[in-house]
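Biologist: Could you walk me through this model? I would like to know what the words mean as we go.

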Amino acid sequence: MNTHCIGDSANRFILDVYAKVLGKNNNRRWRIEHAQVVNKDDFNKFGMYHILPSVQPTHATSDMYWAKDRIGEERLKGGYAYKELLLQNGILPTGSDFPVESINPLLGFFAAVSRQDSVGFPAGGFQPENALTREEALKGMTIWAAYSNFEEKERGSVEPGKLADFVILDEDIMKVPIKDARNAKVLTNSMSR
């Protein structure tokens, strides 16, 4: 089951519906896609009922200009809270939300880690306490995304027996200054069918 929920009311409603069906200690991997604004009293429901939040890191940096005006300062504390969502189950699948956002995964990686837009605004990042580490951002795009689809045995990491879906970049995005990671170029790729 995968339900799109952006606002705190929608997230609360679906979390409660899922909880009634799932109960505790399940491995159904039901997801809430976007999980964008969550009430502070509802975060624990993701972990309690093993509901997977899935987010698009560029939403934070696209919405940061107007989010406070639309939902208020207090509710914004539960918005784009990727670190808090990650803590609930120890994984956080991420995606691009193409065509709403760019399909380029490097922009999502950059946004997840820096919490900045393409010109480096704001200095220090938007809600930097919710930034993901580089490792967390990369796992969100690969193995955690595969896990959320019951595909972790076929894809999501480079291992013997798995599909060889990978790219080789001209920069090591795990080491270069984060502002340079978004501009890495693909040298070659291997996509399995």
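Modeller: A crossing of helices is called right-handed if the near helix is turned clockwise from the far one by less than a right angle, and left-handed if anticlockwise. H7 passes H8 in a right-handed crossing. This is a predicted model, where local features need pLDDT of at least 70, side-chain atom pairs count only at pLDDT 80 or more, and totals for chains, interfaces and linings use all residues. Residues are numbered from 1 along each chain as its sequence is written, and side-chain values use heavy atoms, leaving out hydrogens and water.

Biologist: Why are H7 and H8 called oblique to each other?

Modeller: Helix H7 (residues 105–114) and helix H8 (residues 134–141) pack at an angle of about 140 degrees. Under 35 degrees is roughly parallel, over 145 roughly antiparallel, 65 to 115 roughly perpendicular, and the rest oblique. H7 and H8 are therefore oblique.

Biologist: What makes the contact between them?

Modeller: Pro 105, Phe 109, Ala 112 and Val 113 of H7 meet Arg 134, Ala 137, Leu 138 and Met 141 of H8, where contact means heavy atoms within 4.5 Å. Seven of these residues are nonpolar, none polar and one charged. Asp, Glu, Lys and Arg count as charged.

Biologist: Which residues lie nearest the centre of the largest pocket?

Modeller: Leu 138, Thr 142, Asp 165, Phe 166 and Val 167, out of 29 lining residues. The lining has 17 nonpolar, five polar and seven charged residues.

Biologist: Which helix gives the most to the lining of the second largest pocket?

Modeller: That is H7, with five residues.

Definitions and conventions:
Axes fitted to C-alpha atoms, helices over the stretch in contact; angles between N-to-C directions. Helix = DSSP H or I, 4+ residues; strand = E, 2+ residues; numbered from the N terminus. 1 Å grid on protein atoms, 1.4 Å probe; cavity = no way out; pocket = protein on both sides within 12 Å on 5 of 7 lines; lining within 4 Å.
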